[in-house]
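User: Could you walk me through this model with me? I'll ask as I go.

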Amino acid sequence: MTLKSWKELPIGCVVSEPGSASEYHTGSWRAQRPIWNNDKCIKCGICYVFCPEGCVQQSEDGFFKANMDYCKGCGICAHECWPRAITIVEEG
Amino acid sequence: MGKRLGMEVAVAVAEAVGLCNIDMAAVYPITPQSHIAEHLSDLVADGKIDAEFVTVESEHSAMSAVIGASGTGARSYTATSSQGLMLMHELLPIASAMRLPITMAIANRAVSGPLNILNDHSDIMPQRDAGWIAVFAENGQEAIDLSIQAFKIAEHKDVMLPVCVNIDGFQLTHMVEPLEMPTQEEVNQFLPPFVPHATLHPAKPVTMGAFAMSDYFTEIMKAKDEAVKNSKKVILDVWNEWGKLFGRSYKPVETYKADDADILMLTMGSMGETAQMAVDELRDRGVKAGLVKLRLWRPFPFAEIKAAVKNAKKLIVTDRAVSFGGPGGPVFSEIKSALFADTQRPLIYNYIIGLGGRDVAVNEFAGMFEKVLADTGNVAADTYEFWGVRE
């Protein structure tokens, strides 16, 4: 993505395209990532409910995973997962 | 030709704003307030102007409400003072960053503590870097003229910035003065309808005030700085047009007997008229004294200030606020920095005057001139002093 110069910014930085926030991949902020252990997962969906980014998705098999384009690695899913099926690991 | 009348200045400002076809006003009644808010509420309640009058629970909410309303394309107005302005502070840079042409009257009053609320400039000075255009009225006529002009300047397509009109609390707002109130037809002719740069509307959704990270924040600040600087051209055009239509001309810097003056004083706001009388007294005594009045505070009129003071030997800058532990009063530090690189410039003195509503009489302004003239060794140049403070 080419960054705009100050002269190219719209007045007041108004965003005129609805939904364009999805073009911004907040996953680039991530320092840690969640790993699901499906042996422990009971498919309750609490990770899906609590994810502040809305990036946890349910697969066809009923288990959950995060869209890593948007997952910031905040760890809330792991904190809320009461069967302890999610662990947070360092990136890289 | 407008009607000549005697009216309390705050009420006259509300009347003038009432001529400007505002769509909404949001104000909080006492933090403290002036009669601008009270009389605007009367005008709306009496059906004299077709506007929404939003009563809010704080000045923070008042500024938030005008930001929201302006975002929908409504011509939006508010008025405040002292602590109320301090409570608005958080929102002021947001309004300017979103380029919303809000206009606001500030009845300048002291900021606590101690609780005081009488006239000085300690409320506006902390808002200096908020990205608002700031003008200062010297008398009641200027207060109403600047209030009407503010809408046209703010809403110009090359400006789109909020404007605050500073009107000395009590010294101006609560005085009954002879004024010439423009007619509705004259204001209609002067002020075109507001055409916003974008509006919040379900039919065409936009986002205003979106998040920006470090990869864009610098560019956004640069764009805002350029917008404030570039507004000067429009301000000058609007003031020229006003002069032609109403016969009262406005300039960023006004001068009085300054052309051949050896010693100049600089004032901002209502004290200019008192200082002017002191200049007359000194002239009668053969002292070549003159006055410079700074009307446009942001964007700062560098060229006009330099031109106004370049031939004087000494310049006394008066300040009505304190920058504690700083280089002097806020006006003084700006004037000094504006003239710093010039080889031909006066020695600059600074008196902090009229704090918390303290009167500064004609003989005291004359006394400031005399004290600086007596400083033949120039030892007090580049320093500041609290005028009249009890030791």
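User: Before that, what should I know about numbering and thresholds?

Analyst: Residues are numbered from 1 along each chain as its sequence is written, while chains are lettered from A and ligands numbered from 1 in the order in which they are written. This is a predicted model, in which local features need pLDDT of at least 70, side-chain atom pairs count only at pLDDT 80 or more, and totals for chains, interfaces and linings use all residues.

User: What are the ipTM and pTM, and what is the mean pLDDT of chain B?

Analyst: The model scores ipTM 0.90 and pTM 0.94.

User: How many residues of chain A are in contact with chain B?

Analyst: Taking contact as C-beta atoms, placed from the backbone, within 7 Å, 12 residues of chain A are in contact with 16 residues of chain B. The chain A side divides into 8 nonpolar, 3 polar and 1 charged, where Ala, Val, Leu, Ile, Met, Phe, Trp, Tyr, Cys and Pro count as nonpolar, Asp, Glu, Lys and Arg as charged, and the others, Gly among them, as polar.

User: Now the sheet: what is the strand order?

Analyst: In chain B, 6 strands form an open, mixed sheet in the order β9-β11-β10-β13-β14-β15. Helices (H or I, at least four residues) and strands (E, at least two) are DSSP runs numbered from the N terminus, and two strands pair if DSSP finds at least two bridges between them. The edge strands, each pairing on one side only, are β9 (253–256) and β15 (384–386) of chain B.

User: Which way do the neighbours of β11(B) run, parallel or antiparallel?

Analyst: β9(B) and β11(B) run antiparallel, joined by 4 bridges, and V253(B) has L294(B) as its bridge partner. β10(B) pairs with β11(B) in the parallel sense over 5 bridges, with I263(B) partnered by A289(B).

User: And is β11(B) buried or exposed?

Analyst: Because 6 of the 6 residues of β11(B) are buried, the strand is largely enclosed by the rest of the structure; buried means 20 or more other C-beta atoms within 10 Å of a residue's own, exposed 12 or fewer, and partly exposed in between, with C-beta atoms placed from the backbone. A289(B), L291(B) and K293(B) point one way, whereas G290(B), V292(B) and L294(B) point the other. In a regular strand the side chains alternate between the two faces of the sheet.

User: Last one: where does P126(B) lie?

Analyst: P126(B) lies in the loop between β5 (103–108) and β6 (133–136) of chain B, and with 16 C-beta neighbours inside 10 Å it counts as partly exposed. P126(B) and S323(B) are 197 residues apart in sequence, and their C-alpha atoms are 9.5 Å apart in space.

Technical notes
Contact = placed C-beta atoms within 7 Å.
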